Amino acid sequence: MNSSAAETQVRAAAPPEQGGGNGLLWLLAAVALLFAFLRPRAPMDWLRLVDWQTVGALAGLLAITQGVEKSGMLQAAAQRLLARTHSQRSLALLLTASAALLSALVTNDVSLFLLVPLTRVLASQAHLPLARLVVLEALAVNAGSALTPIGNPQNLYLWHRSGESFVGFMGMMLPTVAVMLFWLFAAAWLLVPRTPIALKPETEAAPVQPRLLALAGVLFVGFVIALDRHWLLAGLGVVFAVFLLTYPRVLKGIDWALLAIIALMFVDLRQLAELQAVGSLLNHWPITEGWRAYLAAIVASQFISNVPAAILLDGHVRDLPALAAGVSVGGFGCVLGSLANLIALRLARLPHGLREFHRISIPFLLVCAASALLLRLG
């Protein structure tokens, strides 16, 4: 079986992409046009609104993830995992725990780039509730990444602001993270039944391409080092050049719409945060400490995402533990609460993904927010 036929089979086995999957893209574009009309600014000022470090990092990771997928490794790994896991619930708990643990060590976004494509391939080989598994993984990386200073961008920012040691910051976040993880595993237990995994009819598996897999692995390590050294352009140039010269089909699979969505989020949300009405509201509300600061961080995250919310509220909130807890819990709920939510849904290519996400995530936010608040008040 040649490689092009194998790729065709893999694409056929994958879930269909949602026809209206770019609805959020058009909404964000419309908001950007509205801001352009109401608050004109120079073209270079528009470009400065975008966090190109984040967009570039996602572009490189998307390319490397496509390399791993097209190597056939995920199909082989999925077959081994299904052979050792016998119920949907046990698989859900395993994937959820893996996502939470990985996110604390290698950040929430990288965890999703590793696990969501694997989950999608699992669902192509067995009858699984793909939407629920992916939503649980999105919740898991938001919860697990909140534990460590390096788990997500808002923690990294608040850790430097706090002056705490690495372990001290983890101790500060541990009670909130424990609450989130408790409800996470309760949700996995309740949402995924303990039914045996039923395999789909076998199709001829795509052959594993060790060279492509090794190349993707080397590029991943090199790209992470480049990001750590702030060599984004060089790292991104190497990733794209190598794939263009060796496996150009990899670049065709990149979700360019996701990158556009992320860029437009920065454009829209930063302009929203700049509005004078927003600043006046924050100055007049008593949100400097305690439960008010905690709830303000949750609410702000629902509208402008938790990373911008942490930066915006840092100048108004003196209770840093409350702010850190609030933006962590605020990653749940609305899909805009965390960048990880958008990445998970786009990687999974879920039909009606936004609807399924909110059906689970909004109740989860309410339960976690109330539980963590009671813990803080107690």
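Leu156 lies in helix 9 (residues 153-162), where helices (H or I, at least four residues) are DSSP runs numbered from the N terminus. The structure is a predicted model, in which local features need pLDDT of at least 70 and side-chain atom pairs count only at pLDDT 80 or more, while totals for chains, interfaces and linings use all residues. Residues are numbered from 1 along each chain as its sequence is written, and side-chain values use heavy atoms, with hydrogens and water left out.

Leu156 has a relative accessible area of 36% and is therefore partly exposed; with a 1.4 Å probe and protein chains only, buried means under 20%, exposed over 50%, and partly exposed in between.

Leaving aside residues up to four places away in sequence, Leu122 touches Ala78, Leu81, Leu82, Leu91, Leu95 and Leu128, a contact being heavy atoms within 4.5 Å.

Two packed helices are described by the angle between their axes and the distance between the axes. Axes here are lines fitted to C-alpha atoms, for helices over the stretch in contact, and angles run from 0 to 180 degrees between N-to-C directions. For helix 18 (residues 320-329) and helix 20 (residues 353-377), the axes come within 10 Å and cross at roughly 160°. Helix 18 is therefore roughly antiparallel to helix 20, a label for angles over 145 degrees. Pro321, Ala322, Ala325 and Val329 of helix 18 meet Leu365, Cys368, Ala369 and Arg376 of helix 20. These residues comprise seven nonpolar, no polar and one charged; Ala, Val, Leu, Ile, Met, Phe, Trp, Tyr, Cys and Pro count as nonpolar, Asp, Glu, Lys and Arg as charged, and the others, Gly among them, as polar.

Helix 16 (residues 290-304) also packs with helix 20, at about 160° and with the axes 11 Å apart, so this pair is roughly antiparallel. On the helix 16 side, the contact is made by Trp291, Tyr294, Ile298 and Gln302. Helix 20 contributes Leu365, Cys368, Ala369, Ala372, Leu373, Arg376 and Leu377. By class, this contact has nine nonpolar, one polar and one charged residues.

Notes. Helix = DSSP H or I, 4+ residues; strand = E, 2+ residues; numbered from the N terminus. Parallel < 35°, antiparallel > 145°, perpendicular 65-115°, else oblique.
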